[in-house]
Amino acid sequence: MTAPIDMTLDELRIALAERLPAHAAFDGWTTVAIAGAAAELGVPADRGELCFPKGAIDMIDAWFEAIDGIMVAKLAALDLPSMKIRDRIRTAVLARIDEATRHPDALRRALAILGRPTNVARAGKLAWRASDGMWRAIGDSSVDFAWYSKRATLTALYATTMTAWMDDDSDGFADTRAFLDRRIDDVMKIETLKARLKPKPDRYFSPTRFLGRLRYRIEG
């Protein structure tokens, strides 16, 4: 195993990401938090800062990436194929939320930073990455438009759930879990309705089918 002092910046970034939230909870997503995490590893603070050239937003990015990795590992240990898609989605979202909320104060500070106008684009990328990771982890193999629509829907679902979590002071964040269940129910109802309203293939006008029937009548 490589000693922290000998790690590359990419390796050090990963190692620091696991320790940053504990410090960010008290010191914010600042160089002070980096120094605290670096001290745990026995590396100079200025070397730790090199891992996050854009400061707080890069620190949060690294932490969220670590959360995604832990989420994937948790889901891999479950029998997901035996679950309905609704339960897979719920399990994935809760796995990520449970890991992120282990450091609630750090998470609230992170979400406040991501909510700044200057960070909207980066926040969107992180949310999309999280939803993509969740879909992949639960076995999604969709392509084309379905690939994008599923991730857009889950991104919105996750974002609204985290917004609800920000104001949740219930025991074990029970209100957030209830909110998530309601939103998933809403999404599933919409998907069911879309499936019912979707015209059947034979209801579309098809020139090929029309000519085939015409030919049949003429030859008959």
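What percentage of the 220 residues in the protein chain is buried?

1. Buried residues make up 36% of the 220 in the protein chain; buried means under 20% relative accessible area, exposed means over 50%, and partly exposed is in between, with a 1.4 Å probe and protein chains only. Keep in mind that this is a predicted model, where local features need pLDDT of at least 70 and side-chain atom pairs count only at pLDDT 80 or more, while totals for chains, interfaces and linings use all residues. Residues are numbered from 1 along each chain as its sequence is written, and side-chain values use heavy atoms, with hydrogens and water left out.

2. On to the fold. The protein chain has 11 helices and 0 strands. Helices here are DSSP runs of H or I with at least four residues, strands are runs of E with at least two, and the numbering goes from the N terminus.

3. Now contacts and surface. Take the contacts in the protein chain with a separation of 6 or more: 65% of them are between residues 24 or more positions apart. A contact means heavy atoms within 4.5 Å. The accessible surface is about 13,200 Å², and carbon and sulfur atoms account for 59% of that; the areas come from the Shrake-Rupley method with a 1.4 Å probe, and for residues only the protein chains shown count as cover.

4. Look inside next. The largest nonpolar core has 53 residues, and Trp29 and Phe64 are the ones with the most contacts inside it. Such a core is a set of buried Ala, Val, Leu, Ile, Met, Phe, Trp, Tyr and Cys residues joined through side-chain atoms within 4.5 Å. H5 gives this core its largest share, 10 residues. Leaving aside residues up to four places away in sequence, phenylalanine 64 touches Arg96, Leu107, Ala110, Leu114, Leu126 and Arg129.

5. Then there are the charged pairs. The whole structure has 20 salt bridges, each being a side-chain nitrogen of Lys or Arg within 4 Å of a carboxyl oxygen of Asp or Glu. One of them joins aspartate 61 to arginine 122, with the closest N and O atoms 2.9 Å apart. Aspartate 61 sits in helix H5 (residues 56–76) and arginine 122 in helix H8 (residues 120–137), so this pair ties together parts 61 residues apart in sequence. Aspartate 61 is buried at 9% relative accessible area, whereas arginine 122 is partly exposed at 22%.

6. Not counting residues up to four places away in sequence, aspartate 132 touches Trp147 and Arg151.

7. Stay with H9 for a moment. This helix has 23 residues and reaches 34 Å from its first C-alpha to its last, close to the 33 Å expected at 1.5 Å a residue; the expected span is 1.5 Å times one less than the number of residues. Its buried residues include Trp147, Arg151, Leu154 and Tyr158. An α-helix has 3.6 residues a turn, so residues three or four places apart point the same way.
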